[in-house]
Structure formats: structure tokens, C-alpha cells
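Student: I have a structure open and would like to learn how to read it. Could we go through it feature by feature?

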There are 2 protein chains.
Amino acid sequence: MELVLATKNPGKIREMRKMLDLPGLTVLTHRDFDEWPELEETGETLEENAVIKAETVRDHFGLIALADDSGLLVDALDGRPGVHSSRYAGPQGDAELNMDRLLAELDGVPSPERSARFSCVIAIALPAGELQVTRAECEGSILTVREGSRGFGYDPVFCPKGFDCSMAELSLEEKNSISHRGKALRAARILLESML
Amino acid sequence: MELVLATKNPGKIREMRKMLDLPGLTVLTHRDFDEWPELEETGETLEENAVIKAETVRDHFGLIALADDSGLLVDALDGRPGVHSSRYAGPQGDAELNMDRLLAELDGVPSPERSARFSCVIAIALPAGELQVTRAECEGSILTVREGSRGFGYDPVFCPKGFDCSMAELSLEEKNSISHRGKALRAARILLESML
């Protein structure tokens with residue numbers, strides 16, 4: 001069975017490949033195709049964006065497609081950056097600038113008020129029209145400085161609940177075992193396994 | 001593990017109980033509680049309504065909740081009655097009046113143009129905040145008169161593709177094996193099984 005990952009984000013591809021390593025499942029990415037549809041993120045929610053991306057790739061290639069849309073929701077910022085996380089500091093989607101903006105906005109906010117959560121929505125679109133959507137979250141708090149160099153996105157400034165380090169200091173296995181995306185991908189894995 | 005069905009529809013409860021008969025899973029309904037939250041269907045899509053209902057019941061009781069929102073999409077009516085299927089002939093939600101309206105609107109429409117599909121969205125909301133949403137469809141066509149007395153809703157006027165009878169002439173097992181709700185519940189069953 002073939003599955004196309006509807007993302008060009010190398011960090012997401014790495015985590016997805018690790019979680020979807022199933023016998024009988026061939027995981028394809030944009031690198032396996034000569035052309036690739038434009039994936040719009042015009043939805044107002046993570047769910048809408050994940051479904052748009054999965055259905056666009058499913059419709060384009062006629063294959064099972066899996067897409068992710070994720071966001072960081074900071075309580076002190078009323079849930080921002082949320083669905084706009086990847087372009088928080090501008091349309092170029094620069095992770096460093098995004099973290100700069102976030103840390104600046106939280107400047108002076110004391111530790112107990114820096115609570116936040118990562119939210120991930122995984123959508124799987126099947127050629128027959130069926131759709132699976134899973135949302136999972138990872139609670140934590142925003143650090144005052146970057147720590148660690150693994151992961152991607154906001155990982156260096158996010159401390160998962162129960163840890164005293166950033167998400168970017170965890171190994172891929174550790175991150176997948178507790179992260180929003182890891183949890184959502186586990187449900188996807190179970191459903192794909194049942195289809196093999 | 002306990003799961004609450006976020007519906008008062010006896011037909012849906014019957015189909016859900018059948019599909020979710022898992023060792024270790026206790027399926028609860030509104031009859032198991034002294035009070036019950038008001039379940040609004042204010043969403044603009046089946047997905048939104050299913051999620052609203054599942055999250056309302058989850059938040060109210062602090063238990064895993066499963067909700068369904070389903071609709072009949074008729075091509076000759078540009079996808080109507082769709083998300084308004086259960087109240088097509090008025091807020092009282094009378095299935096007989098709904099079918100009367102549908103048959104009247106399709107009066108004179110020839111057989112090849114009576115194609116339609118049932119769509120079902122199942123949402124499972126977990127106390128920790130995770131959410132599973134599954135959409136599945138069942139293709140078919142609208143008959144010119146009612147046939148059969150099983151099932152519920154529009155079943156007597158819907159002929160599933162590949163059959164020459166109505167959905168209301170199928171046994172519960174046959175219906176669940178091909179129906180939109182049966183397909184969506186199978187994915188729910190697989191995910192719940194993995195949590196037991």
C-alpha cells in the first residue's frame with residue numbers, strides 16, 4: 001500500500017517516516033514525484049488546513065494522502081500564534097524569527113503564566129472518499145531562551161510538562177513518544193495498520 | 001473503559017452498540033444518567049456538529065464520548081438535504097415528513113439522475129483533549145417510493161449501490177457492513193480497541 005506525505009517540511013517528514021514504519025506500507029514524499037500540487041493553508045483551523053492538504057494530494061495523485069497541521073497555543077497570548085504559528089513573524093515562515101517574536105511578546109511574563117500547548121491535527125484522505133482526522137496535544141510552557149538544536153519550529157523554546165528541558169533537546173524517539181504529532185500519528189498508524 | 005454515546009436517536013444507538021461490542025468497553029447512553037446536556041447542532045458541516053456533540057458530552061461527564069452526525073446528499077438537489085437532513089421538513093425532525101419532501105422534490109426525476117450518498121461523521125472526544133474524527137460515505141440512489149421497515153431516517157428511500165433493495169430492507173448486520181455509519185464506526189472500533 002502506498003501513502004503520500006502531503007508536506008515538504010523535512011522535520012515533519014522525519015517524524016512521520018519514523019512513526020509510519022510499517023511492513024507493507026510504502027511512504028512517498030514530494031521527492032518521489034516530478035510535479036507537486038500547490039498546498040494552500042487557507043483554513044481557519046488546524047483541522048481545515050490538514051484536510052485541505054490531504055485531500056489536495058489525494059485528488060492529485062489518486063493515492064492515500066496524509067497531512068499535518070500544527071500550532072502552538074500560548075495561554076498568555078489568548079491562544080496565539082495558533083493556526084498562524086508557522087508564519088507568525090511573516091509569510092517567509094522563518095522559525096528563528098517566529099521564536100524571536102514569541103519570546104519578545106512573553107518578555108517579563110513570569111514562569112507560572114507561560115503555559116502553552118502544541119496541537120497537531122493529522123488528516124488521512126483515502127481515494128474512496130473516506131477521511132480520518134486526529135487531533136492531539138502536548139502540554140508545556142514557553143522557556144525564556146532557546147535550548148537544544150533538535151526538532152524544528154518552536155521546539156527550542158517549548159518545555160514539555162514533566163520535563164526540565166526543551167523539546168529540541170529530546171531524541172526523535174523521545175519526542176515522538178510524548179509530542180502532539182507523535183500521539184496523533186500513533187492513531188494514524190493504528191488505522192493504516194488495519195488497512196494493510 | 002467507559003464510553004458515552006452522545007445521541008438520543010434509538011436507531012443510531014442500536015447500530016453503535018452493535019459495532020462497539022468490545023470486551024472491556026462499557027457503552028453508556030443517556031439512559032444511564034439522571035441528567036443530560038443539551039446537544040446543539042449549530043455547525044455548518046457534519047464534522048462541526050459531530051465534534052460539538054462529542055465534546056459537549058465529554059466535558060459534561062468527563063468520560064470518553066462518541067457522537068455521530070450524518071446526512072443524505074442528493075446530486076439532483078445540489079447536495080441537499082445534507083447537514084439539514086434530519087430537519088428537512090421542519091424542526092420536529094419527522095422522518096416520514098422528511099421523506100415526503102424528498103420524494104416530492106425528486107418527482108419526475110429519472111432513475112439515472114437520482115444518485116445520492118449517505119455521509120457519516122463519527123467524532124470521539126477523549127478527556128485528555130484528543131479528538132478522532134472519521135468520515136465515511138455510502139453511494140446509492142433515491143427510490144421513487146418507500147421500501148422496507150428496518151433502519152431509520154431516509155433508509156426506506158435509499159438504495160445502496162450494488163443492491164436492488166432499500167437500506168431499510170437490510171438486516172442490522174448487512175446495513176452495518178456497507179453503510180456510511182458502519183464504515184465510520186469500524187475505524188472508531190479499531191481506535192477504541194487499541195486503547196483497551
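This is a predicted model: local features need pLDDT of at least 70, side-chain atom pairs count only at pLDDT 80 or more; totals for chains, interfaces and linings use all residues.

Student: How many residues of chain B are in contact with chain A?

Tutor: Contact means heavy atoms within 4.5 Å. Here 15 residues of chain B are in contact with 15 residues of chain A.

Student: What is the area buried between chain B and chain A?

Tutor: The size of an interface is often given as the accessible area lost when the parts come together. Buried area is that loss, found with a 1.4 Å probe and summed over both parts. Between chain B and chain A it is about 1,300 Å², and carbon and sulfur atoms give 48% of this.

Student: Which elements of chain B give two or more residues to the side that touches chain A, and how many salt bridges are there between the chains?

Tutor: A salt bridge is a side-chain nitrogen of Lys or Arg within 4 Å of a carboxyl oxygen of Asp or Glu. The count between chain B and chain A is two salt bridges. B:Arg135 forms a salt bridge with A:Glu55, with the closest N and O atoms 2.9 Å apart. The elements that give two or more residues to this side of chain B are α2 (46-61), β6 (131-142) and α5 (180-195). The largest share, six residues, comes from β6(B). Helices (H or I, at least four residues) and strands (E, at least two) are DSSP runs, numbered from the N terminus.

Student: Which strand of chain A is joined to β6(B)?

Tutor: Two strands pair if DSSP finds at least two bridges between them. Strand β6 (residues 131-142) of chain A is joined to β6(B) by five bridges, and the two run antiparallel. In this pairing, A:Arg135 stands opposite B:Leu131.

Student: Is strand β3 of chain B largely enclosed or exposed, and which strands pair with β3(B)?

Tutor: Buried means under 20% relative accessible area, exposed over 50%, and partly exposed in between (1.4 Å probe, protein chains only). In strand β3 (residues 64-74) of chain B, 10 of the 11 residues are buried, so the strand is largely enclosed by the rest of the structure. Strand β1 (residues 2-5) of chain B pairs with β3(B) in the parallel sense over three bridges, and B:Leu5 stands opposite B:Leu66 there. β5(B) pairs with β3(B) in the antiparallel sense over 10 bridges; B:Cys120 is the bridge partner of B:Ser70. β4(B) also pairs with β3(B) in the antiparallel sense, over two bridges, and B:Leu72 has B:Gly82 as its bridge partner. The hairpin of β3(B) and β4(B) has six residues between the strands, and in this hairpin B:Asp78 takes a positive phi near 55°.

Student: Where do B:Ala123 and B:Ser85 lie?

Tutor: B:Ala123 is in strand β5 (residues 115-125) of chain B and counts as buried because its relative accessibility is 0%. B:Ser85 is in the loop between β4 (81-82) and α3 (95-105) of chain B. B:Ser85 is also buried, with a relative accessible area of 4%.

Student: Which residue forms a salt bridge with B:Glu139?

Tutor: B:Arg117 does, with the closest N and O atoms 2.9 Å apart. B:Glu139 lies in strand β6 and B:Arg117 in strand β5 of chain B, so this pair ties together parts 22 residues apart in sequence. B:Glu139 is partly exposed at 35% relative accessibility, whereas B:Arg117 is buried at 16%.

Notes
Residues are numbered from 1 along each chain as its sequence is written. Chains are lettered from A and ligands numbered from 1 in the order in which they are written. Side-chain values use heavy atoms; hydrogens and water are left out. Buried area is the accessible area (1.4 Å probe) that two parts lose on being put together, summed over both.
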